[in-house]
Amino acid sequence: FGGGAGDGGSFGGGFFDGGNFGGGSFDGGNFGGGAGDGGNFGGGAAGGTGGGAADAGVCVPSQEVCDGIDNNCNQVIDEGLTIACSLDPDGDLNASSAATTLMCPNPARPLAGNCPVGFVAPSASLGLDCAPNDASAYRLLGARTDADDDTRCVGPVGQDCIGLVLAPGRRATATCAPQDDCDDTSAVRFQLLSTRADADNDSFCAGAPTNECSGLAPALGRRLATSCVGDDCDDTRSSAFSVSSFIVDADGDRYCSGVVVSQCAGNTAPPGLSFPFNCITQTDCNDMNPSIYRLLAVRPDGDNDGYCFGPTTNQCSGASPPMGFRLPGTCNAVDDCRDTNPLATSQCVLLGAYTTSSATKACAFAPPTETFTVSPTNICPLGFVLGTTTTVRTAGAGSCAVASPTSITMTCIGLDGATCHISGSCLAL
């Protein structure tokens, strides 16, 4: 539009030679002549219409139009007709800078504020273009990376040059969730949760808390550290979770042995053990037999006849004394003479308990010695046997001797006979 000092450009002549539309000082352009030579339409002193100061042509004033010519001959070109336009090379109505150039308007481009192609009026500009040569990108937007599109973002805020939408994997900072994404490759994992292991899902946890990249809830086999009710001593069984002190109760009779052990368990005591508060006592004298569990002071009564024998001893018992023993208070006041014979109580020798009928020997006209059979009148009771026997003479002076328990040998002394029977002691078996 404007030529150099010596030669004119296409639309404005130089200082000496005119361009196509405006001549230089000496040589005229195509439309305006220079001071010395006339152009095609406005010559210099020798040119045609609208001449320069040094040529003989006379400027004929006309209405000023925006054409790069001083139509009204006031030495000012296009006055009051140009408008300020900013560069818009990609034509997206976003100016590439705030700088402006005065240009002739183009009424066919109202959206561009009537600026010519490649320009836009500042008042019509939608904003400063961040990509002047790309019509699909024109505005800066604060954005962060969200590759898995879960609204959780990662990385620093960047100013992305975009059009209507952001590039895939990018999200406007204002729409990012408050917390950053801990795994931007998976939409189901997005937040760090402090968790502990709970493989058996019993609410008792194992191991130290660790930050796990999770979704809405911890992964299977993990639990929020704040929801753990305690440390798990066995995370493979939901029935065992805490170490407790137990009392050994091998026979399960709740009469415990008193031996304390610590074991990993749950709300139920393991077999052979009992919680201390479930023990009736902790002095079980035989923890292998549920029917005997306490020491009782007893006396022997082997034949169970109520007559006791021997000193008081402590025996491991149940609700009652063991067989062959009796509580001292239930013993007869007299001790047993034979604790293996329930028929023998306080006496084991019954003197004169065996008797027979009597036999009488007459000595006149009879052999001096005879043996007589007698019959028992009292026999030894059950549990007793006949012991020593003797004869009892009740009349006469003759002699009597026991031949058998049921026979008596009698001898006369002179003519004096005798009346005798047998008496014997009974001995306990």
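Trainee: Is Cys412 buried or exposed?
Mentor: Keep in mind that this is a predicted model, where local features need pLDDT of at least 70, side-chain atom pairs count only at pLDDT 80 or more, and totals for chains, interfaces and linings use all residues. Residues are numbered from 1 along each chain as its sequence is written, and side-chain values use heavy atoms, with hydrogens and water left out. Now the cut-offs: buried means under 20% relative accessible area, exposed means over 50%, and partly exposed is in between (1.4 Å probe, protein chains only). Cys412 has a relative accessibility of 12%, so the label is buried.

Trainee: Which cysteine does Cys412 form a disulfide with?
Mentor: Look for a pair of cysteine sulfur atoms within 2.5 Å, the cut-off for a disulfide. Cys412 has a partner whose sulfur atom is 1.8 Å from its own. That partner is buried too, at 8% relative accessibility, and the residue is Cys363.

Trainee: How many residues apart are Cys363 and Cys412, and what parts of the chain do they link?
Mentor: Strands here are DSSP runs of E with at least two residues, helices are runs of H or I with at least four, and the numbering starts from the N terminus. Cys363 is in the loop between β18 (359–361) and β19 (369–373), while Cys412 is in the loop between β23 (407–411) and β24. The pair links distant parts of the chain, and the separation is 49 residues.

Trainee: Is the disulfide of Cys363 and Cys412 left-handed or right-handed?
Mentor: Check the torsion about the S-S bond, which is about -105°. That value is why the disulfide of Cys363 and Cys412 is left-handed.

Trainee: How many disulfides does a search of the whole structure find?
Mentor: Remember that a disulfide is a covalent bond between the sulfur atoms of two cysteines. One of them joins Cys233 to Cys264, with S to S 1.9 Å. The count for the whole structure is 15.

Trainee: What is the hand of the link of Cys233 and Cys264?
Mentor: Cys233 is in the loop between β10 (230–231) and β11 (242–248), and Cys264 is in strand β12 (residues 260–265). Cys233 is partly exposed at 33%, whereas Cys264 is buried at 18%. With 85° about the S-S bond, the link is right-handed.

Trainee: How many residues apart in sequence are the parts that Cys182 and Cys213 tie together?
Mentor: These two form a disulfide with their sulfur atoms 2.0 Å apart. Cys182 lies in the loop between β6 (170–172) and β7 (191–197), and Cys213 in strand β8 (residues 204–214). Cys182 is partly exposed at 29%, and so is Cys213 at 25%. The separation in sequence is 31 residues.

Trainee: Over how many bridges do β7 and β8 pair?
Mentor: Two strands pair if DSSP finds at least two bridges between them. Gln191 has Ser214 in β8 as a bridge partner, and the hairpin of β7 and β8 has 6 residues between the strands, with Asn201 at a positive phi near 55°. The two strands pair in the antiparallel sense, and the number of bridges is 6.

Trainee: Which strand do 3 bridges join to β7?
Mentor: β7 is mostly covered, with 5 of its 7 residues buried. Ala197 stands opposite Arg222. The strand joined to β7 runs antiparallel, covers residues 222–224, and is β9.

Trainee: In what order do 3 strands form an open sheet?
Mentor: β2 (101–103) and β3 (119–120) stand at the edges with a single partner strand each, so one side of each has no neighbour in the sheet. Strand β1 (residues 83–87) is joined to β3 by 2 bridges, and Leu87 stands opposite Phe119 in β3. The pairing is antiparallel and the order is β2-β1-β3.

Trainee: What is the area of the nonpolar surface patch made by Val349, Leu351, Val385, Leu427 and Leu429?
Mentor: Patch residues have over 30% relative accessible area and no salt bridge; like charges are joined within 9 Å and nonpolar side chains (Val, Leu, Ile, Met, Phe, Trp, Tyr) within 5 Å. A salt bridge is a side-chain nitrogen of Lys or Arg within 4 Å of a carboxyl oxygen of Asp or Glu. Leu427, found in strand β24 (residues 418–428), is partly exposed at 33%. The patch comes to about 460 Å².

Trainee: How many strands does the protein chain have?
Mentor: Of its 429 residues, 35% are buried. There are 0 helices in the chain, and the number of strands is 24.

Key:
Accessible areas come from the Shrake-Rupley method with a 1.4 Å probe; for residues, only the protein chains shown count as cover.
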